[in-house]
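Reader: Could you walk me through a few parts of this fold, one at a time?

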Amino acid sequence: MISNSKDLEEYGRYNIDIPIRQGYLYRKTFMTMGRKTLRPNWKMSWVIVSKQGLFFFDPHKVEATEAKGYVLTHEKNLQFTDESNPQEKKFQIAITSDVSNWVVVCQNWDEKDLWLRAFKQASEQARETKLKKKGNEENGSSVELTNNAEVSGDDTPRTTIGKLVPDDLSKAAPTVFQMKANVLVKIKEAKELETPDSTSSNMCPYAVLTMEHGLAHTKVEQNTSEPKWKEDFNFQITRLPTDLHVVIFDKGRFGSDDIIGQIIVKVESARAGADKEDWFPIRPVVPGEKSSGKVNMRIECRYDLSTQGKVTFGVPLVDLQARHPTRVLPDICFKCISRLYARNLTTEGLFRVPGNKNRMRAYEIQFDQNPDQDIQFSQGEDEHTIAGLLKLFLRELPEPPIPHALYGQVLQLDKISDKNEKVEQVREIMAKLPKHNYNLLQCMCCLLHRITMFSHINLMKETNLAIVFGAVFAYPPSSQHVSKQQFLTQHLPALSSVCELMIASYADIFNNEKVLDCLVHSQNEMSQYEILVKDTSNVPSYAEELKTKQKKEDNLTVNKDNTTNLSESNSEIIEVQE
């Protein structure tokens with residue numbers, strides 16, 4: 001094993017405190033340390049990559065001092081070959097040398113690319129260390145490589161956010177704080193498990209769960225294909241979104257466990273409304289293999305208290321307001337609303353056409369990791385991306401703009417047939433909102449009302465926008481246990497109807513049609529905004545100017561078309577006369 005290897009004793013123990021990359025991989029061994037494997041098969045390992053080599057640990061005993069296998073970075077003719085085939089959804093890397101032959105499988109292209117970079121980086125660092133040691137020996141000095149030695153700048157893993165994400169982001173980017181969130185995974189039971197080598201009566205299934213660098217496993221259920229684990233596991237993560245990786249094994253009687261399959265669940269949000277509970281289907285680990293069964297799990301993610309006080313997404317409105325009490329709206333809402341109001345009221349399909357997910361994710365990271373910086377959109381940024389970012393922020397709120405305490409009253413509005421009475425009831429509900437909730441809803445409804453003024457151009461009427469925002473402005477608390485089917489058939493129509501009324505009758509409910517003009521002119525400053533809202537007579541209306549300008553352009557277009565038609569008619573008359 002590693003502890004008895006002369007090569008490692010000469011080269012120095014690997015430093016687990018500064019791994020270049022570590023994580024969870026599937027590997028198949030064809031040859032190790034010059035010895036061929038008689039029966040190569042896929043096994044799961046916790047892999048640590050350092051400048052001394054690649055080390056494969058038992059996934060249940062990551063803390064062990066001995067690895068199940070290893071590839072040393074100074075092996076002759078060591079190569080890392082990308083053998084991926086995206087069309088077949090196969091993402092694997094071949095690791096070969098004169099004495100080793102391994103294949104590791106990744107889950108997607110990005111993961112494969114990160115591991116391949118880490119392997120090559122480890123090999124390069126080993127080469128640099130060897131050259132440095134050789135140079136010191138030629139100068140009559142020697143360098144000891146010990147576990148507790150301080151690592152010089154040349155030996156430190158060159159990891160950056162743009163390439164390999166280090167375990168400690170503060171080393172790579174001191175200005176970016178370390179986001180922390182806690183994930184609770186409740187793995188309850190599984191059904192319909194099958195393996196080629198076992199029958200349902202003699203299966204002994206267990207599950208291994210990993211998230212970032214956290215690893216846990218359930219107990220082994222004896223002689224059943226429908227295990228009842230009913231266990232809870234906690235993981236601490238440092239980024240969102242991230243993947244929960246669950247692998248189901250059948251415990252072997254002679255030390256070799258069979259892989260039944262895997263489940264990968266993307267955890268994207270830290271709000272209560274994004275909790276996931278379902279029967280998740282089991283997929284094959286290696287493309288081409290078969291798997292069956294499903295696992296019942298519940299996944300809850302919440303920000304750590306230290307993080308909740310800094311990030312922007314997934315934080316209650318009251319907390320955002322407490323951080324910046326002089327602002328009318330959270331900074332991201334102000335920037336999105338003012339940008340759309342100033343430039344994009346006539347954009348076709350606004351809030352209906354999806355934005356660029358990668359750009360939205362990039363802005364989300366910027367606002368989360370730099371909460372006190374003045375982040376601006378690029379001049380040519382796509383308006384659908386900005387609209388999508390605003391919707392994402394609203395959906396990520398732990399509680400909707402209309403709080404859960406008022407949700408029952410909102411549903412009851414659908415039973416009122418008289419429009420005037422319904423408007424009065426909506427006005428009473430709005431009066432019960434906290435100030436920051438009211439400001440946000442007022443500005444959002446005003447923006448949506450302005451968009452409908454140009455519905456002949458943007459094709460977004462009150463009904464279209466209500467379908468988008470009905471379930472964003474209000475949704476039931478998780479404590480009510482409303483099923484998805486029940487929500488879609490009973491709750492959503494009522495919410496959309498109320499939202500449509502709030503947009504169409506905006507002036508009757510909020511009594512201020514110039515609230516966005518006041519917001520833009522005050523630059524989101526509360527004191528100035530309150531002064532302008534009290535007397536809007538001197539506040540110019542941008543929407544009215546835009547509407548007048550659009551009418552002039554439409555008239556010019558009509559006149560131009562009439563002139564063109566007239567000239568064509570004259571030409572036809574001349575041709576007939578000739």
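**Sheet and helices**

Author: Ala181 stands opposite Ile237 in E12. This is a predicted model, in which local features need pLDDT of at least 70, side-chain atom pairs count only at pLDDT 80 or more, and totals for chains, interfaces and linings use all residues. Residues are numbered from 1 along each chain as its sequence is written, and side-chain values use heavy atoms, with hydrogens and water left out.

Reader: How many bridges join E9 to E12?

Author: Eight bridges link strand E9 (residues 181-191) with E12, and the two run antiparallel; strands are DSSP runs of at least two residues, helices (H or I) of at least four, numbered from the N terminus.

Reader: And in what order do the strands of that open sheet come?

Author: The order is E12-E9-E16-E15, four strands with antiparallel pairing, where pairing requires at least two DSSP bridges between two strands. Strand E12 (228-237) and E15 stand at the edges with a single partner strand each, so one side of each has no neighbour in the sheet.

Reader: Switching topic, is Lys290 buried or exposed?

Author: Lys290 counts as exposed, because its relative accessibility is 81% (exposed is over 50%, buried under 20%, partly exposed in between, with a 1.4 Å probe and protein chains only). Lys290 belongs to the loop between strand E15 (276-281) and strand E16 (294-303).

Reader: Last one: at what angle do H11 and H13 cross?

Author: The axes of helix H11 (residues 435-452) and helix H13 (residues 462-473) cross at roughly 160 degrees and come within 10 Å, axes being lines fitted to C-alpha atoms over the stretch in contact, with angles from 0 to 180 degrees between N-to-C directions.
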